[in-house]
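Have the structure open and follow along.

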Amino acid sequence: MRITQNMITRNYLNSINFSQENMAKVNQRVSSSRRYTRISENLADGARALRVRKQLADIRQQKADARDAKGLLSSAESNLRAINDVLVTAHEKALRGENGPMESVREEVAKEIDNLKEQVLQFMNTQYAGKFVMGGVNNKEAPYKVDKDGVLRYNGVDINSIESVNGEYQYTDENGDVQTIPYDKDVYIDLGLGLSYSDGGQIDPRSAFKVSFNGLDVLGFGYETVTLEDGSTHDIPNNVYNLMDKIGDMFSGDEPYNDELMGVMVDKLEKERESMFLSITEIGNRDRFLDTVVERLDSDELVLTETRSDLEGVKDTEEAIRMSMYEYSWLATLRMGAKLLPQSLMDYLN
């Protein structure tokens, strides 16, 4: 077989191009910190890497949601503690008015309780990140409002008309029809607990984390009817704001004063405060649960990050050795070419 100068030249140039291409690939891997840029270069590892990336994205979203949930829980707990402090003060004031028969003392207590109930209303409507903490899914306007007739409303519904039926809050409208409370829905986030749905398409509460709060659960609704020793019956509000309002009206003289009824309402105010303290404790438990979940997510993220690095990443030491080998091959090819190619071509290449 006759070997021509063109064959030598072509093979020589192919060798140079091959070495330069290999060096370029090494540079690309080092600069991008990835072993391959297309899945077709490594189908097995590429497919696994895509799954790992999806899992990492899910975990990072879950961690972000958990951080938001912790902020919301912190805001809710802070406000409930503030309301609890107000109720402690209100109870002390009510006891003072109950034990102080002087009309001037009772009028003073009525004014103090009236100021305290307005503080409770403000805490009821606290916002966190643009969301009303105690309003369910109501993010449009304050959930608690007092209308022109002095009626406290939750998401537009009279607090005293609300009932709980099979765990669902309802009220009867002016037409006699039973309606659900507006915005009375639960909001859940996925924390990697195996999110699942019921047959009706509802999220299974055991597979997600609830991040919404309903003020009715904490601050009360409706009323209870009590019978006094004289046989008279009275409706006592279950909502702390309305309860304080009724206590204040009796101390101010807007309603006839009744020692027995006042004692019942003062005791109920303390019971509602104790019930709210249990809600604060429950929030603390949920916050600790979130801490545990975040720790697990951190651990999972670390493992998946290492797995992704193994599947996609490069090892600098190995790539440095490869670069040295390709540079050596490239230089050796150039030196060999000086002996194989005519001088005029070498001058041209130089």
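Start with the side chain of N138: one of its polar atoms lies 3.0 Å from the backbone oxygen of E141. Keep in mind as you look that this is a predicted model. The side chain of N138 also has a polar atom 3.1 Å from the backbone nitrogen of K140. Where does N138 sit? You'll find N138 in the loop between strand 2 (131–132) and strand 3.

Now move along to the aromatic rings. The model has four aromatic pairs. One of them is Y144 with Y154, a tilted pair with 5.0 Å from centre to centre and 55 degrees between the planes. Why tilted? Stacked pairs need planes under 30 degrees apart and edge-to-face pairs over 60, so an angle in between counts as tilted.

The pair ties together distant parts of the chain: Y144 belongs to strand 3 (residues 144–146) and Y154 to strand 4 (residues 152–154), with the two tyrosines 10 residues apart. Y144 is buried, at a relative accessible area of 2%, and Y154 is buried too, at 0%.

One last stop, this time for a charge and a ring. Look for R106, which lies over the face of Y257, 3.7 Å from the ring centre.

Technical notes. Residues are numbered from 1 along each chain as its sequence is written. This is a predicted model: local features need pLDDT of at least 70, side-chain atom pairs count only at pLDDT 80 or more; totals for chains, interfaces and linings use all residues. Side-chain values use heavy atoms; hydrogens and water are left out. Rings of Phe, Tyr and Trp (its six-membered ring) pair if their centres lie within 6.5 Å; planes under 30 degrees apart count as stacked, over 60 as edge-to-face and the rest as tilted. Helices (H or I, at least four residues) and strands (E, at least two) are DSSP runs, numbered from the N terminus. Buried means under 20% relative accessible area, exposed over 50%, partly exposed in between (1.4 Å probe, protein chains only). A charge sits over a ring if NZ of Lys or CZ of Arg is within 6 Å of the ring centre and within 35 degrees of the ring normal. A polar contact is a pair of N or O atoms within 3.5 Å; within protein, one must be able to donate a hydrogen and the other to accept it, and residues adjacent in sequence count only if both atoms are side-chain atoms.
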